[in-house]
Protein chains: 2
Amino acid sequence: NHVLVLGYGELTEPILEELGDRARVVIVTPDEARAKRLTDRGYDVVTDDPSDEEALQRTRVDAARSVVVATNNDAEDALAILTARQLNPDIHIVASATQRENERKLRRAGANTVISPAALGGHFLAESAVGGSGLETIEERLLDEQPTDPTEDETVQTNGAGEAGDPGPDGQN
Amino acid sequence: NHVLVLGYGELTEPILEELGDRARVVIVTPDEARAKRLTDRGYDVVTDDPSDEEALQRTRVDAARSVVVATNNDAEDALAILTARQLNPDIHIVASATQRENERKLRRAGANTVISPAALGGHFLAESAVGGSGLETIEERLLDEQPTDPTEDETVQTNGAGEAGDPGPDGQN
Ligand SMILES: [Ca+2]
Ligand SMILES: [Ca+2]
């Protein structure tokens, strides 16, 4: 009943932080140095290609709770998704489309949920730029869900108003 | 009362789509080919360095509604933020930290809101992986706010359940 993380990329550390104690995590990466650092931090790691069938069988993909596929290489992600889907037709697979135009392809490969960080970021930035009403609520909700220490500077999203350059009561705009 | 977009990167197209008709947009980019393509699409473009003071004065940063700084190069973003903040101490500046660890620096440079697409994406993926209750609501809200045609495949976030590999009633997990 573990969460299987296939490959390592820019999103992996935020994902590991968010998962925290909520799930046992098994990570598959072919990068030996990376694997060692993750093992040293206490993670279960399989040092192998995330689209290798035997490797995925060793991770017990048949008994996993879900699979996360979110490297910076969408082609490798597609191959890892196809492999996981083939070995477990019922597993919940979530993926990140680094190139927004790959969303559909990763879904077609077998991912149930595909997120585009660029589209998400663009959404929040545009909302903030025009003072959209939805932003603050979503922002607060995200912050509420954050398990991290608020004194750390790694919150999902933060509003610097009140620090340098508080926009004040919109005088000139 | 325009939105000033400083530089062009991975997030720019999602931002332009989201802004749509909600604001007049002026884009500053030194890339002449990019500037031409944007001009051909009807955008106001200033072909110059986004951290050039004279260029920013020509964009009327003093009268803008807000400034969006979201290229893939956080160092250039920092310089553009510093320039805009210097020319307009009251303007609302939103920025994207491509490297999550630069969030604090971009705020210190003068951005009011800084978003990390990697942290945002990681948050949603982790929520989806453990079946967090908040996801569907936020997801629906994002989709509701999307001005795009639902037949296009460019929604912020989509759940492929019901397509290939519907996880079903969690039999094996
Ligand atoms: Ca990817
Ligand atoms: Ca950036």
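**View 1. Residue classes in the lining of the second largest pocket of this predicted model.** Let us start with the kinds of residue found here. The lining divides into 6 nonpolar, 4 polar and 5 charged residues. The space inside the second largest pocket comes to about 230 Å³. Its lining is made of 15 residues, and the closest to the pocket centre are G7(A), P30(A), P50(A), T71(A) and E76(A).

**View 2. The largest pocket, with lining residues from chains A and B.** This pocket has a volume of about 270 Å³. There are 20 residues in its lining, and those closest to the centre are E10(A), T98(A), E10(B), T98(B) and P117(B). Two helices each give two or more residues to the lining: α6 (117-130) of chain A and α6 (117-129) of chain B. Sorted by class, the lining of the largest pocket holds 10 nonpolar, 8 polar and 2 charged residues.

**View 3. Strand β5 of chain A, covered on both faces.** Pick out residues 92-96 of chain A to find this strand; 5 of its 5 residues are buried. On one side of β5(A) sit H92(A), V94(A) and S96(A), while I93(A) and A95(A) are on the other. Keep S96(A) in mind, as this residue returns in the view of the calcium ion (ligand 1).

**View 4. The parallel neighbours of β5(A).** Strand β4 (residues 66-69) of chain A runs parallel to β5(A), and 4 bridges join the two. Within this pairing, S66(A) has H92(A) as its bridge partner. β5(A) is also parallel to strand β6 (residues 113-115) of chain A, to which 3 bridges join it. Here you can find A95(A) opposite V114(A).

**View 5. Two right-handed β-α-β units that include β5(A).** To trace one unit, follow chain A through β4(A), α4(A) and β5(A). The other is made by β5(A), helix α5 (residues 103-109) and β6(A). Both units are right-handed.

**View 6. The calcium ion (ligand 1) and its donors in chain A.** Which residues coordinate this ion? They are T71(A) and S96(A), each through O, D74(A) and D77(A), each through OD, and T98(A) through OG1, at 2.4 to 2.7 Å. Along the sequence, the spacing of these donor residues reads T-x2-D-x2-D-x18-S-x1-T. D77(A) belongs to helix α4 of chain A and S96(A) to strand β5 of chain A, so this pair ties together parts that are 19 residues apart in sequence. D77(A) and S96(A) are both buried.

**View 7. The calcium ion (ligand 2) and its donors in chain B.** The donor residues of ligand 2 follow the spacing T-x2-D-x2-D-x18-S-x1-T. Why does the pair D77(B) and T98(B) tie together parts that are 21 residues apart in sequence? D77(B) lies in helix α4 (residues 74-87) of chain B, and T98(B) lies in the loop between β5 (92-96) and α5 (103-109) of that chain. Are these two residues buried or partly exposed? D77(B) counts as buried because its relative accessibility is 1%, under the 20% cut-off. T98(B), with a relative accessible area of 22%, is partly exposed.

Definitions and conventions:
Residues numbered from 1 in each chain as written. Chains lettered and ligands numbered in written order. Predicted model: local features only at pLDDT ≥ 70, side-chain atom pairs only at ≥ 80, totals over all residues. Heavy atoms only, no water. 1 Å grid on protein atoms, 1.4 Å probe; cavity = no way out; pocket = protein on both sides within 12 Å on 5 of 7 lines; lining within 4 Å. Points joined across faces, edges and corners; volume = space filled by probe spheres on them. Nonpolar A, V, L, I, M, F, W, Y, C, P; charged D, E, K, R; others polar. Buried < 20%, exposed > 50% of the residue type's maximum accessible area, 1.4 Å probe, protein only. Pairing = 2+ DSSP bridges. Right-handed = clockwise from strand over helix to strand, strands pointing away. Donors = N, O, S within 2.8 Å, 3.2 Å for Na, K, Ca; no water.
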